[in-house]
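Open the model in your viewer and keep the selection tool at hand. The tour goes stop by stop.

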Amino acid sequence: MKYSWLKNSPICYKGLFDNNEIVENSIPAITKAVDGGYNLFLNLSMTKDQQLVVCESKKSPMILSSHKKIENISSDDYENLKLLTTQDKVPLLNDILKIVGGKVGIIFRIPTNKQYKKIITELSKQLAYYKGKTAIVAANYSEYFYVKKTKRDYPCGVILKKMSSKFIYNVILFLNANKFKIIKPDFIICDIYNLPNKYIDEFLYSNPYSYIISRTIIDKQSYKAALDYSDNFIFENYIPNK
């Protein structure tokens, strides 16, 4: 089946970490996940000097010891790029690709900011000679169409925003159902607590080669639900059975 790697192994969010000895998004965290044979789900951001790094832009002030936003820091500014209280810094995407080396698959999430075109273009360049399995997930339709414009034959999915209300979630899915049928994403990432969902089931019926990936699995309850209602799942700080 096309892009079957997206369902062959659980997907680890930001690496295996405890945010004490090993920090999220750090090289040790990602290396540990790769050694465990888990696929990866990683956020991308762009530094002040236009370098791609593995870090979520919106949350970077909370994870960086400097409390600055990643887009305001140059890639060679070691002190301001330190992660929490460790000596590890936010890793460059190029370094992560070398570490992973095709051993597991990677899903890259594009941030919803004005830099998304630059990030997608630079990501496309860096992946041009990378031999491993990779995919991109977009947070909105503008990003999705730009990915397809840049890399037409590249696996691309959409990620739905988390909603505390299942009613609101269903309304959003109802409004997006026809768009899904038109763009036919290779996969949809959605919140585990809003599954099962009849609109997603209808989409799968008309697009049987697409995958549903649930997020974020953090305990036994959400793990069991993910096995029942999705093709694969993204986990964080909870080691599932493979």
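Start at Asp186. This residue is buried, with a relative accessible area of 15%. The model is predicted, so read each stop as computed, because side-chain atom pairs count only at pLDDT 80 or more.

How many salt bridges does the structure hold? There are four.

Select Lys14 and Glu236 next. They form a salt bridge, with the closest N and O atoms 3.5 Å apart. Lys14 lies in the loop between strand E1 (11-13) and helix H2 (27-35), and Glu236 in the segment after strand E9 (232-235), so the pair ties together parts 222 residues apart in sequence. Both Lys14 and Glu236 are buried.

Move to Lys82 and Glu79. Their side chains meet in a salt bridge at 3.2 Å, N to O. Buried or exposed: which is Lys82? Lys82 counts as buried, because its relative accessibility is 12% and the cut-off is under 20%. Glu79 is partly exposed, at 49%.

Last stop: helix H7 (residues 166-183), where Ile168 lies. Ile168 is partly exposed, with a relative accessible area of 43%. Select Phe167, Ile168, Val171, Phe174 and Leu175 together: they make a nonpolar surface patch of about 540 Å².

How values were computed: Residues numbered from 1 in each chain as written. Predicted model: local features only at pLDDT ≥ 70, side-chain atom pairs only at ≥ 80, totals over all residues. Heavy atoms only, no water. Patch = residues over 30% accessible without salt bridge, like charges linked within 9 Å, V, L, I, M, F, W, Y side chains within 5 Å. Areas by Shrake-Rupley, 256 points an atom, 1.4 Å probe, with all protein chains shown as cover. Helix = DSSP H or I, 4+ residues; strand = E, 2+ residues; numbered from the N terminus. Buried < 20%, exposed > 50% of the residue type's maximum accessible area, 1.4 Å probe, protein only.
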